[in-house]
Amino acid sequence: MTDIKSLYKEELEAFITENGFPKFRAVQIYGWLNKGVKSFDEMRNLPKNLIEFLSNSCYISVANIEKKLVSRYDKTVKYLFRLNDGEYIETVVMSYHHGYSICVSTQVGCKMGCTFCATGKSGFSRSLTASEILAQIEASQDDLGIRISNVVLMGMGEPLDNYDNVIRFLRLVSSEDGLNIGMRHITLSTCGLVPRIYDLAEQKFALTLSVSLHAPDDETRNKTMPVNRRYPLNELIKACRYYFDKTGRRVSFEYAMIDGVNDSDENARALAGLLNGLNCHINLIPVNSVKGASYKKSSVARQQAFIKILSQRGITATVRRTLGSDINASCGQLKRNHTEEKGGI
Ligand code: SAH
Ligand code: SF4
């Protein structure tokens with residue numbers, strides 16, 4: 001079966017004409033798909049034989065709302081979506097003064113096994129297709145009656161471990177015929193799959209690359225992020241420098257501050273040394289506690305001392321505002337709770 005919503009417009013046209021239907025039918029189908037129809041029967045201006053052909057050879061990816069939580073504090077919305085095959089993923093919609101931002105998942109689970117991450121703790125099931133990443137945006141927009149302006153690939157999964165589908169998603173979501181969300185409004189977060197960072201740089205997209213650093217030295221990072229044993233920090237930072245040189249886009253770094261693990265003055269000095277001369281910004285995130293891990297958030301005083309050391313060395317860092325704290329808005333947690341309720345892991 002062909003995943004029809006993952007096709008580029010030209011691919012859809014080729015598919016339709018190769019199967020003996022005129023090209024203008026592809027334009028009609030594309031229009032219906034963009035309107036968010038969930039079945040081919042809804043495409044009312046198509047002849048019966050074409051509807052029959054599509055129903056027998058293609059499917060439309062959907063994200064059905066299984067659960068929806070709305071934060072009492074800041075209107076952040078978190079969805080647990082059920083996909084065509086019954087898998088569950090999470091998506092978060094945040095409201096900012098400049099518009100709505102969505103945090104989408106790219107995989108069901110994750111292989112990377114970071115010790116502080118709820119998704120990493122629940123294992124890996126499969127990668128999402130481009131249309132399944134898009135479906136999260138469409139379903140959220142429909143449900144909330146809004147238009148999303150910013151997309152962050154920071155939900156469940158490692159986007160660069162699903163490279164081809166993610167590239168396809170990026171092209172589709174930014175296309176003028178599609179949702180038309182420009183690359184400048186997109187952020188891709190990665191734990192640091194170095195070869196894929198080089199590949200992404202070659203695409204020369206105007207998106208923001210955000211690298212999950214979380215430690216200033218290999219010894220600490222090896223313990224919390226197993227990916228570091230494969231691609232250590234010197235290689236990762238070299239790839240980030242290359243990314244900046246190639247695209248001209250400033251790289252962001254995520255740094256979850258964990259009490260007593262990576263938040264000392266010495267850690268701050270090491271971090272400044274590591275990033276010396278790189279045009280970047282650091283987002284500090286007080287770590288969210290996760291079941292099965294005993295990590296604690298750094299104190300506010302520690303956060304401030306850390307920022308001060310960085311800024312004295314010319315590196316800008318800000319503490320990220322935590323949204324949706326009452327609804328477990330960091331990804332992986334809702335799915336875990338849901339699976340536990342159902343008697344799973
Ligand atoms: N796999 C990608 C993107 C998804 S994770 C990546 O790792 O970058 C999105 C972000 O949430 C990453 O920066 C990740 O390190 C961070 N994160 C995961 N668990 C967290 C936790 N318990 N507290 C704070 N940040 C966390
Ligand atoms: Fe995967 Fe990112 Fe979680 Fe690490 S932090 S386990 S890479 S989702």
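In what order do the 10 strands of the open sheet stand? The points below take up this sheet and then other parts of the model.

1. Basis. This is a predicted model, in which local features need pLDDT of at least 70 and side-chain atom pairs count only at pLDDT 80 or more, while totals for chains, interfaces and linings use all residues. Residues are numbered from 1 along each chain as its sequence is written, chains are lettered from A and ligands numbered from 1 in the order in which they are written, and side-chain values use heavy atoms, with hydrogens and water left out.

2. The order is 3-4-5-6-9-10-11-12-13-14, and the pairing is mixed. Helices (H or I, at least four residues) and strands (E, at least two) are DSSP runs, numbered from the N terminus. Two strands pair if DSSP finds at least two bridges between them. Strand 3 and strand 14 (317-319) are at the edges with a single partner strand each, so one side of each has no neighbour in the sheet. On average, neighbouring strands of this sheet are turned by 25° against each other, direction ignored. Axes here are lines fitted to C-alpha atoms, for helices over the stretch in contact, and angles run from 0 to 180 degrees between N-to-C directions.

3. Two pairings in detail. Strands of a sheet pair through backbone hydrogen bonds, either parallel or antiparallel. Strand 3 (residues 64-70) pairs with strand 4 (residues 77-82) in the antiparallel sense, over 6 bridges. N64 has R82 of strand 4 as its bridge partner. Strand 3 and strand 4 form a hairpin with 6 residues between them, and K75 in the turn has a positive phi of about 65°. Strand 6 (residues 99-103) and strand 9 (residues 148-153) run parallel and are joined by 4 bridges. There, S101 has N150 of strand 9 as its bridge partner.

4. A helix pair. The axes of helix 7 (residues 194-203) and helix 10 (residues 233-247) come within 9 Å and cross at roughly 0°. That makes helix 7 roughly parallel to helix 10 (angles under 35 degrees count as roughly parallel, over 145 as roughly antiparallel, 65 to 115 as roughly perpendicular and the rest as oblique). Residues in the contact (heavy atoms within 4.5 Å) include I197 and L200 of helix 7 and L236 and Y242 of helix 10. The contact residues divide into 9 nonpolar, 1 polar and 4 charged. Ala, Val, Leu, Ile, Met, Phe, Trp, Tyr, Cys and Pro count as nonpolar, Asp, Glu, Lys and Arg as charged, and the others, Gly among them, as polar.

5. Two loop residues. K204, in the loop between helix 7 and strand 11 (208-212), is not a glycine but has a positive phi of about 55°. H214, in the loop between strand 11 and helix 8 (218-224), has a positive phi near 65°. Buried or exposed? K204 counts as exposed, at 53% relative accessibility, and H214 is buried, with a relative accessible area of 8%. Buried means under 20% relative accessible area, exposed over 50%, and partly exposed in between (1.4 Å probe, protein chains only).

6. A buried leucine. L46 is in the loop between helix 2 (23-35) and helix 3 (48-57) and is buried at 7% relative accessibility. Leaving aside neighbours within four places in sequence, L46 is in contact with R25, Q28, I29, I51 and L54. L46 and Q28 are 18 residues apart in sequence and 7.9 Å apart in space, C-alpha to C-alpha.
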